[in-house]
Amino acid sequence: MTSRQGNRLLLACAVLVAAIAVVAAAGAASPPNRPLPRAKRDRPDDLHGSQIHLVYVLPSDGTDRHLDTGGEIANSVAAFQRWLAAQTGGRDLRLDTYRGRLDISFFRLKETDAQVRSHDPYIRDLIEHELKQAGVTRPHKLYGVWYDGSATSACGGGAWPPELPGIVGALYLHGQPPGAPGCDTNPFAPQGGQPGYIDFAIVHELMHTMGFVPTCAPHETRRGHVSDSPSDLLYAGDQPWQPSVLDFGHDDYYEAHIPGCLDFAQSPFLVKAVGRVQIARPAFVTRAGVLRLRVACLDSGSDCHTRLTVWHGGKRVGHGPIDLIAGANGTFTARLSRAARSLLARHHRLAVVVRGPGAPPTRFTLH
Ligand SMILES: [Zn+2]
């Protein structure tokens with residue numbers, strides 16, 4: 001929904017040990033759920049380039065429900081990311097992470113809940129304005145906001161470039177849209193659960209903020225929505241919204257292949273398929289216990305935005321991100337665990353296996 005119209009939606013690892021147990025690293029692109037401590041500023045980024053940063057926003061007098069650190073936002077995000085990966089063959093939103101975990105910021109507005117509500121239908125605009133004024137926004141980023149305050153017109157709002165430029169897609173968690181149940185009657189997805197209304201709603205608003213649905217799409221309707229199925233993530237119409245599909249029929253905004261028309265499959269905010277990683281020998285370990293490896297990202301059309309994990313004796317002894325585009329070479333670094341450094345110091349050699357999504361298990365002897 002576009003807040004300018006104020007209308008709708010929505011929503012919505014010494015060769016000590018003969019056998020080295022190789023434990024598969026998690027293959028999913030999504031970061032683990034365990035939330036980081038509260039942060040008022042964006043932490044250093046794991047990724048470079050386009051990404052979506054998440055923010056928990058309160059009005060000045062709002063009750064702090066700690067959704068940023070309590071796991072609610074993380075569970076919601078994990079739920080919609082699993083859904084999105086299922087819809088796209090393994091791709092999901094390129095979210096801002098710090099050391100592999102979701103980087104969620106906390107921000108308190110200057111206005112009270114009532115003052116913010118008086119800006120309805122421009123609540124999204126107000127939040128974007130304050131985030132920019134506070135200097136907490138960055139280029140190449142969009143912002144997904146969970147606003148823990150009230151609204152009278154909708155459960156959320158998004159920008160819709162080019163007509164409505166902006167960088168924030170927001171949920172109004174205590175919205176009371178006319179003729180609809182209160183937005184806070186919709187629970188967040190439980191850990192490991194399926195996404196529900198509120199979890200789909202933030203993706204819906206973020207899609208708008210990325211410019212979807214563009215007016216060149218055949219079923220575009222009601223300013224940035226589609227008319228062809230109420231199961232569509234971006235449906236708007238007279239039937240109840242029951243989201244379960246990303247671009248019903250793939251004819252409007254995802255793999256629609258309409259010349260000159262914005263397509264989510266090409267979006268820099270959508271993680272590319274994880275490319276194959278080639279790990280070069282030798283490996284080096286610095287005095288500080290940091291493992292350095294040369295790696296290459298092999299597949300054209302795929303990027304290697306992933307994590308490699310270092311295993312020894314079935315235990316994870318180091319891990320870290322690699323962020324390479326297709327065809328590029330780079331260095332992977334991982335700080336070894338204290339136990340691994342201790343073994344290395346006592347035995348002078350340590351056998352490790354390095355692996356990750358897109359990388360075959362590669363065995364090294366560290367000195
Ligand atoms: Zn909408």
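Which domains does the domain assignment of the chain give? The points below answer this and then take up the details of the structure.

1. The structure under review is a predicted model. Its domain assignment gives domain 1, residues 51-211, and domain 2, residues 277-366. Taken over C-alpha atoms, the centres of domain 1 and domain 2 are separated by 35 Å.

2. Confidence. The average pLDDT of the chain is 87, and 91% of the residues score at least 70. Over residues 1-31, however, pLDDT stays under 50.

3. Overall composition and dimensions. Five helices and 16 strands are present in the chain. The radius of gyration is 22 Å, close to the 21 Å from the globule rule for 367 residues, so the chain is as compact as a globular protein of that length. The C-alpha trace spans about 70 × 45 × 35 Å along its principal axes. Of the 367 residues in the chain, 47% are buried.

4. Three strands in the order 10-11-14 form an open sheet with antiparallel pairing. Its edge strands are strand 10 (277-285) and strand 14 (329-335), each of which pairs on one side only. From one strand to the next, the twist averages 25 degrees. Strand 10 and strand 11 (residues 290-297) run antiparallel and are joined by six bridges.

5. Is strand 15, residues 350-356, mostly covered or mostly open? Strand 15 is mostly covered, since seven of its seven residues are buried. In a regular strand, side chains alternate between the two faces of the sheet. Here both faces are covered: Leu-350, Val-352, Val-354 and Gly-356 are buried on one side, and Ala-351, Val-353 and Arg-355 are buried on the other. Strand 12 (residues 304-312) runs antiparallel to strand 15, with three bridges joining the two. In this pairing Thr-309 stands opposite Arg-355, the latter being among the buried residues of strand 15. Strand 15 is also joined to strand 16 (residues 359-366) by six bridges, again in antiparallel fashion. There, Leu-350 stands opposite Leu-366. The hairpin of strand 15 and strand 16 has two residues between the strands, and in it Gly-358 takes a positive phi near 80 degrees.

6. Ile-127 counts as buried because 27 other C-beta atoms lie within 10 Å, the cut-off for burial being 20 or more. Leaving aside neighbours within four places in sequence, Ile-127 is in contact with Val-57, Leu-109, Val-145, Tyr-147, Val-168 and Ala-170. A further distance concerns Pro-59, which is 68 residues away from Ile-127 along the chain. The C-alpha atoms of Ile-127 and Pro-59 are separated by 9.8 Å.

7. Cis peptide bonds. Asp-120 and Pro-121 are joined by a cis peptide bond, with omega of about 10 degrees. Pro-121 belongs to the loop between helix 2 (113-117) and helix 3 (123-133). A cis peptide bond also joins Pro-161 and Pro-162, where omega is about 10 degrees. Pro-162 is placed in the loop between strand 6 (156-160) and strand 7 (164-175).

8. His-140, although not a glycine, has a positive phi of about 70 degrees. Its place is in the loop between helix 3 and strand 5 (141-151). With 13 other C-beta atoms within 10 Å, His-140 is partly exposed. Arg-222, likewise a residue other than glycine, has a positive phi near 45 degrees. Arg-222 is found in the loop between strand 8 (220-221) and strand 9 (225-226). Why is Arg-222 classed as partly exposed? It has 18 other C-beta atoms within 10 Å, and a residue is partly exposed when its count falls between the limits of 12 or fewer for exposed and 20 or more for buried.

Definitions and conventions:
Residues are numbered from 1 along each chain as its sequence is written. Helices (H or I, at least four residues) and strands (E, at least two) are DSSP runs, numbered from the N terminus. The radius of gyration is taken over C-alpha atoms; the globule rule is 2.2 Å times the number of residues to the power 0.38. Two strands pair if DSSP finds at least two bridges between them. Axes are lines fitted to C-alpha atoms, for helices over the stretch in contact, and angles run from 0 to 180 degrees between N-to-C directions. pLDDT is the predictor's confidence in each residue, from 0 to 100. Two residues are in contact if their C-beta atoms, placed from the backbone, lie within 7 Å. Domain bounds come from an automatic or database domain assignment.
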